[in-house]
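Trainee: I have a model open and want to learn how to read it. Where do we start?
Mentor: With the ligand, then the strands, then the backbone.

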Amino acid sequence: MRTRPCWVEISARSFEENYRFLMSLAAPGVELLAMVKADAYGHSLALCAAAAVRAGARWLGVTSVEEGVAARAVCPEARVLVMSGVFPGQGAAVVDHGLTAVVWEPWQLEELEGAARAAGAGPAAVHLEIDTGMSRQGVGTDELAAVLARFGEGSALRLEGVMTHLFAADEADGRVTEGQLARLDEALGRIEAGGLGPEWLNVGNSAALLAGQAARIGALAKRWGLKAMLRPGLALYGVAPEFKPEEPEAVVAARARLQPVLSWKTRVVGVRSVPSGAVVGYNGTFVASEPMRLALLAVGYADGLDRRLGNRFSLLVRGERAPLVGRISMDQAVLDVTEIDGVEAGDEVVILGTQGGETITAFDHAEAAGTIPWEVFTRIGTRVRRVLV
Ligand SMILES: *Cc1c(COP(=O)(O)O)cnc(C)c1O
C-alpha cells in the first residue's frame with residue numbers, strides 16, 4: 001500500500017475526450033493508434049489503455065514486449081503494436097499474447113518466424129518499418145529487397161503493415177516530412193511490385209496529426225490500396241507539441257481543445273519560520289534575506305522533480321505560486337510561503353496542474369529543466385502512485 005502524499009491524478013474522461021477530438025481531426029477512414037508506451041507517458045498504462053479502448057481505439061502502441069503483455073492483460077481485444085523491436089527470446093511472448101511486432105532487422109524476422117512455426121497457428125502479422133531518413137530504426141533502401149523476399153509464399157510471417165516515423169513533423173514548413181513521404185512512396189512501389197499486398201500504412205505522430213497531415217497520409221495510403229493509421233501520443237495526454245518557427249493555426253486551435261490528463265500533487269509536511277540569514281538545503285544555496293516561512297514538501301528528485309528546478313521554479317499552494325528555495329533533495333523540497341497566508345501542514349501542493357486560477361504545465365517544467373514535456377511526464381517516478389479521478 002502506498003500512502004505517502006505524493007501522487008498523480010489521472011482523468012480518464014479527459015483522455016477519452018482527447019482521443020475523440022483527435023479522431024475528429026483524422027480524415028474519414030483514417031485509423032488512430034493510441035500510443036501508450038513508457039507506461040502511457042508516465043500516466044499509467046493500465047488506466048490509459050483501458051480509456052483508449054473505451055473511447056474507440058482498436059490499436060495500442062507500446063515500445064517493448066513487456067509493455068505489450070501488460071497492455072494485453074488490460075485490453076484483451078485490442079491490437080497491440082510493439083514499436084521498438086523484439087529481442088532474442090521474446091518471439092514466443094509476442095505470439096502467445098497476440099502482439100504485433102514492428103520489425104526491420106533480419107534476426108527479428110527469424111525470431112518471430114521461429115515462434116510462429118512453433119505455435120503452429122499460421123503466419124504472424126508484422127509491420128515493417130522503413131527508414132525514410134531518421135537513421136534510427138527501419139530497413140534502408142539497400143536492404144529492402146532482401147527483407148521483402150522473406151514474406152513470400154510459405155513464410156511464417158505476414159506483412160500486415162508498412163510504417164515509418166516522421167522525425168520533424170513539428171517543423172512548420174513540412175519540408176523534411178515531404179522528403180520522408182517521397183521516400184516512403186518509393187518503398188511502397190517496391191513493396192507492391194513484390195506482390196505482398198499489406199493492409200496498413202502506419203505513419204505520423206501528434207505533430208503530424210495536429211498539423212493536418214492525416215489527409216496527406218490518407219491519400220498516400222489510398223494510392224497504394226492501403227488504409228492509413230496515425231500514431232498520436234503526447235496529444236492524447238492533452239499537450240500539443242510546439243511548432244518551430246511558427247505555429248500553424250490548426251495547431252493553435254487544437255491546443256485550445258486538448259484537455260490535460262495528469263495532475264501531480266503533494267502535501268505540506270510542516271511549516272517553519274526562519275530568521276534572516278538562515279540557509280536552506282544542501283550547501284546553503286539559498287539564504288533568507290529576511291525572516292521567512294518555509295514549507296517542507298514530500299516530493300524530491302527521486303519522484304521525478306528535476307533537481308535543476310531548485311531556486312528557479314514555483315509550485316502552487318493555496319492557489320498561489322510559491323518559489324522552490326534551496327536544492328531539491330532526493331525525497332523532499334522546500335517552498336517559500338512567506339507571502340502566502342495560512343499555509344499549514346497537510347495543505348495540498350500542485351506540482352503540475354491547476355489550483356485556484358493558476359496552472360503549471362509540462363512545458364513550464366520542461367523549460368525550467370532544459371528538456372521536453374515527453375521527458376517531464378515519463379520521469380515521474382514509479383513510486384508516485386497514479387490515481388484515477
Ligand atoms: C512516441 C512515438 C509516437 C508518438 O509520438 P508523439 O510525438 O508523442 O505523438 C509515434 N510513433 C513512434 C514510432 C513513436 O516512437
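Trainee: Which residues come nearest to the ligand?
Mentor: First, a caution: this is a predicted model. Now the ligand. There are 13 residues around it, and Lys37, Tyr41, Ser206, Gly233 and Leu234 come nearest.

Trainee: What is the make-up of the shell around the ligand: how many nonpolar, polar and charged residues?
Mentor: Count by class. The shell holds 6 nonpolar, 4 polar and 3 charged residues.

Trainee: Which side chain has a polar atom 2.5 Å from an oxygen atom of the ligand?
Mentor: For a polar contact, look for N or O atoms paired within 3.5 Å. Here that side chain belongs to Ser206. In one, a polar side-chain atom of Arg231 lies 2.9 Å from a ligand nitrogen. In the other, an N or O atom in the side chain of Trp374 is 2.9 Å from a ligand oxygen.

Trainee: Let's turn to strands. Which strand do 4 bridges join to β14?
Mentor: Read the bridges and the direction together. Strand β14, residues 314-317, is joined by 4 bridges to β15, residues 320-323, and the two run antiparallel. For one partner pair, take Leu316 with Arg321 in β15.

Trainee: How many residues lie between the strands of that hairpin?
Mentor: There are 2, and Arg318 in this hairpin has a positive phi near 50 degrees.

Trainee: With which strand does β10 pair over 6 bridges?
Mentor: Follow the partners across. β10 (262-274) pairs with β13 (292-297) in the antiparallel sense. Ser273 stands opposite Arg293 in β13. Then move on from β13: this strand also pairs with β16 (333-336), antiparallel, over 4 bridges. There, Leu294 has Asp336 of β16 as its bridge partner.

Trainee: Now the backbone. Which peptide bond is cis, with omega near -5 degrees?
Mentor: Check omega at the bond itself. The cis bond runs from Lys244 to Pro245. Pro245 is in the loop between β9 (227-230) and α11 (249-257).

Terms used: Residues are numbered from 1 along each chain as its sequence is written. This is a predicted model: local features need pLDDT of at least 70, side-chain atom pairs count only at pLDDT 80 or more; totals for chains, interfaces and linings use all residues. Side-chain values use heavy atoms; hydrogens and water are left out. A residue is near a molecule or strand if one of its heavy atoms lies within 4 Å of it. A polar contact is a pair of N or O atoms within 3.5 Å; within protein, one must be able to donate a hydrogen and the other to accept it, and residues adjacent in sequence count only if both atoms are side-chain atoms. Ala, Val, Leu, Ile, Met, Phe, Trp, Tyr, Cys and Pro count as nonpolar, Asp, Glu, Lys and Arg as charged, and the others, Gly among them, as polar. Two strands pair if DSSP finds at least two bridges between them.
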